[in-house]
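Biologist: I've got a protein chain to look at, and I'd like to learn how to read it. Can you walk me through it?

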Amino acid sequence: METRVHGSKQQLPWSNGLYVDGFAKAVQRFDTETYENENGFFGLLGQDGASFTVVGPFKWDPKSSICAFQPTATRLAWNKDLKWEFPITEKDDGPSKPSFEDTKVSKLPFFKFILVDDTVAVAQGRSGGVALWARIEE
């Protein structure tokens, strides 16, 4: 990627991916056995066990190709022995809210998957942004 500033070519800092790759790996994980979604950064500052993620349940609607999720906790780890989890609490707005399972997909954060194959997935988020993932082997 290239941009011009006052008529001269300038290389942008994120043009070659160094803005993330050198410091962390961004990963989105969907566990189909527990229906838990984990999204965040792993390998922070080159430390294999260091991570900062949000986790919570997700649900999948195969007819519409929509995956809705609800972050319920933040996880922070420095290594296998130093780990913390902090619940994400919502402001009490009066009458009790429906459970995650009973909440309509349109009221939750979600991704509408546009393309999925053996190597890549592309989805549009509720706010209109587009996400691109590459499959990795565990």
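Biologist: In what order do the elements of the protein chain run from the N terminus on?

Modeller: Helices (H or I, at least four residues) and strands (E, at least two) are DSSP runs, numbered from the N terminus. Here the order is β-β-α-β-β-β-β-β-β-β-β-β, which comes to 1 helix and 11 strands. This is a predicted model, where local features need pLDDT of at least 70, side-chain atom pairs count only at pLDDT 80 or more, and totals for chains, interfaces and linings use all residues. Residues are numbered from 1 along each chain as its sequence is written, and side-chain values use heavy atoms, leaving out hydrogens and water.

Biologist: Which residues make up the largest nonpolar core?

Modeller: In soluble globular proteins, nonpolar side chains tend to be buried together. A nonpolar core is a set of buried Ala, Val, Leu, Ile, Met, Phe, Trp, Tyr and Cys residues joined through side-chain atoms within 4.5 Å. Buried means under 20% relative accessible area, exposed over 50%, partly exposed in between (1.4 Å probe, protein chains only). The largest core has 9 residues: Phe58, Cys67, Phe69, Phe111, Phe113, Ala121, Ala123, Ala131 and Trp133. Strands S6, S9, S10 and S11 each give two or more of them. A second, separate core of 5 residues includes Phe100 and Phe110.

Biologist: Is Thr74 buried or exposed?

Modeller: Thr74, in strand S7, is buried, with a relative accessible area of 16%. Contact means heavy atoms within 4.5 Å; leaving aside neighbours within four places in sequence, Thr74 is in contact with residues including Phe52, Trp84 and Ile88.
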